[in-house]
Amino acid sequence: QVQLVESGGGLAQPGGSLRLSCTASGSIFSGYVMGWYRRAPGKQRELVAAITGGGSTDYAGSVKGRFTISRDNAKNTVYLQMNSLKPEDTNVYYCNADGRHYTGSSSDDYWGQGTQVTVSS
């Protein structure tokens, strides 16, 4: 069983920075796609950023140029560096480890409990 534990959320001022971390316990392989998601009120979770085992990245348009996702496969950890934060970035951020395409198992899709990010002056 895989568990994802996020950390690094908190309060930041507009224009400030935060760094989120997500560490996986259990069998996470470098072939898993790791990502960060957030949920707008009344909506489904939306992708913020994702990174493949090979280091290819994808970002939501609203965070491109401000957020950077990275991973350390040796530490089973994915990071989200959040710069130039805006009040609209306020949300709960969820870490995801998706191994469905890598393992072929539909159950290999894991979520963390979420970490609160609040951007306010």
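Tutor: Let's start with a term: a salt bridge is a side-chain nitrogen of Lys or Arg within 4 Å of a carboxyl oxygen of Asp or Glu. This is a predicted model, so local features need pLDDT of at least 70 and side-chain atom pairs count only at pLDDT 80 or more, while totals for chains, interfaces and linings use all residues. Residues are numbered from 1 along each chain as its sequence is written, and side-chain values use heavy atoms, with hydrogens and water left out.

Student: How far apart are the closest N and O atoms of R100 and D109?

Tutor: Opposite charges can pair when their charged atoms come close. R100 is partly exposed at 37% relative accessibility (buried means under 20% relative accessible area, exposed over 50%, partly exposed in between, with a 1.4 Å probe and protein chains only). D109 is partly exposed too, at 23%. Their salt bridge has its closest N and O atoms 3.9 Å apart.

Student: Which residues join R38 and D89 in one salt-bridge network?

Tutor: The side chains of D89 and R38 meet at 3.3 Å, N to O. D89 sits in the loop between β8 and β9 and R38 in strand β4, so the pair ties together parts 51 residues apart in sequence (strands are DSSP runs of E, at least two residues, numbered from the N terminus). Through shared partners, the network also takes in E46 and R66.

Conventions: Helix = DSSP H or I, 4+ residues; strand = E, 2+ residues; numbered from the N terminus.
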